[in-house]
Amino acid sequence: MSLQGQSKAAAAGGVCERLLVVASGPVRLALSAPIFEGMLPRWKAGTRDVVTVRGITYRVTPLAGRWDGTPSPTTPKTLLLLCGYRGQHRGFTVDHVLGLTEVVPQRIRSLPPHFACEERTWFNGFFLFRDTIALWVNPDWLFAPGEGADAAESFEDTTPGLTEDPCLTGDIIELEIIDAERAE
Amino acid sequence: MLRGQSKETAKRVTNWSLMVFSIGGQRLAARIEEVGGVRPWTDPMPVPSHTPFMNALLRHDEEVLPVYDLAARLKQQVRGTPPLCLIVKREDGPMAVCIDASIPTLKTIDPQALQPSAEPDPDILGYCEIEGERVPLYSLAKLGMPTTTHAV
């Protein structure tokens, strides 16, 4: 069973949010499951900013770059998350995946009011995850055009040399709901 | 003499109890009413943020506190291992501040003796003389809030 289309899962106490928790530097981020279309090692996608997988083109940026953070150096363990949301497709590099979790809404807290700037729109909230905290990324913000995005999109649309790399088609890591945790 | 005792009591009430702590060896004071506690510092999780000096969340069991980086604001490095966590009772909710490992002390001052702040720092209520040192008295209730004006 893939993650696609499964944002919510029934739980005894109600409906859970199904979230994938990833590490980007020291930050732990949770991404809504339905935006995931696949995942592959970054090295398999090469160093290009645009990759095409299974006929879908993804503009690739480090997830940390979305909030002006310093991206971690790319290592053999760096992962490329292939995401889609409302007809847009983006690839985000992260250090590693911590796990899939299902969180009941009561466990999701708002950012404290002390955080008073744009970050309030970056995150839907946070929740306790294992011995740390995970920030739930707002997909509307994640997929909103950022600085330089227009140029990249234009590049993507007009560059004829970007063809689908056949070596990518068979190696996408499908996300299976096997080790999902439930935080209630 | 009841009348005299009453005056004495009233005089005591007007004094302020302060907690004196340090960041980077620099001493600071705060009213004890605005301190929620002191405990060992634990690693916070960074939170991407554009709010000045508000850049992490600190978890303590089920409790999660925002972290205000007062050391960065003062351009100091916290000293000692492990540092301490000062729980600040800010108006909009408690928050954590990392302070030096040296144990904070308690002092009582007469607020009339408070020297006005010459610097345009809205978080400093004034300066008090503690052991021969001029120590800034911070208003923790409004620490780092966007617009603050104080009157002693």
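B:E131 and B:K107 form a salt bridge through their side chains, with N and O 2.8 Å apart. B:E131 sits in the loop between β10 and β11 (133–138) of chain B, while B:K107 belongs to strand β9 of chain B, so this pair ties together parts that are 24 residues apart in sequence. The model is a predicted one. B:E131 counts as exposed because its relative accessibility is 61%, where over 50% is the cut-off. B:K107, at 25% relative accessibility, counts as partly exposed. Both residues also belong to a network of salt bridges that links B:R27, B:K107, B:E131 and B:E133.

Over all chains, the structure holds twelve salt bridges. Side chains of opposite charge can pair when their charged atoms come close. Another of the bridges in chain B joins B:D123 to B:R73, with the closest N and O atoms 2.6 Å apart. B:D123 is in the loop between β9 (105–109) and β10 (124–130) of chain B, and B:R73 is in helix α2 (residues 70–73) of chain B, so the pair ties together parts that are 50 residues apart in sequence. Where does this pair lie, buried or exposed? Both B:D123 and B:R73 are buried.

B:R31 and B:E33 are also joined by a side-chain salt bridge, at 3.6 Å from N to O. With a relative accessibility of 23%, B:R31 counts as partly exposed. B:E33 counts as partly exposed too, at 45%.

The next topic is the contact between the two chains. Here 26 residues of chain A are in contact with 23 residues of chain B. Together the chains bury about 1,900 Å² between them, and 68% of this is on carbon and sulfur atoms. Which three residues supply more than any other three of the area that chain A buries against chain B? They are A:H114, A:F115 and A:I133, which supply 36% of that area.

One salt bridge is counted between chain A and chain B. It pairs A:R107 with B:E62, and the closest N and O atoms are 3.6 Å apart. On the side of chain A that touches chain B, the elements giving two or more residues are β3 (27–32), α1 (119–122), β10 (123–129) and β11 (132–137) of chain A. β10(A) gives the largest share, four residues. By residue type, this side of chain A divides into 16 nonpolar, eight charged and two polar residues.

A search of the whole structure finds seven aromatic pairs over all chains. A pair of aromatic rings is described by the distance of the centres and the angle of the planes. For A:W122 and A:W141, the ring centres are 5.3 Å apart and the planes are at 20°, so the pair is stacked. This pair links distant parts of the chain, A:W122 being in helix α1 of chain A and A:W141 in helix α2 (residues 139–142) of chain A, 19 residues apart. A:W122 is buried, with a relative accessible area of 5%, and A:W141 counts as buried at 12% relative accessibility.

The rings of A:F127 and A:F129 have their planes at 90° and their centres 6.5 Å apart, so this pair is edge-to-face. Both A:F127 and A:F129 are buried. Ring pairs also link A:Y85, A:F92 and A:F143 into a cluster.

Technical notes. Residues are numbered from 1 along each chain as its sequence is written. Chains are lettered from A and ligands numbered from 1 in the order in which they are written. This is a predicted model: local features need pLDDT of at least 70, side-chain atom pairs count only at pLDDT 80 or more; totals for chains, interfaces and linings use all residues. Side-chain values use heavy atoms; hydrogens and water are left out. Contact means heavy atoms within 4.5 Å. Buried area is the accessible area (1.4 Å probe) that two parts lose on being put together, summed over both. A salt bridge is a side-chain nitrogen of Lys or Arg within 4 Å of a carboxyl oxygen of Asp or Glu. Ala, Val, Leu, Ile, Met, Phe, Trp, Tyr, Cys and Pro count as nonpolar, Asp, Glu, Lys and Arg as charged, and the others, Gly among them, as polar. Buried means under 20% relative accessible area, exposed over 50%, partly exposed in between (1.4 Å probe, protein chains only). Rings of Phe, Tyr and Trp (its six-membered ring) pair if their centres lie within 6.5 Å; planes under 30 degrees apart count as stacked, over 60 as edge-to-face and the rest as tilted.
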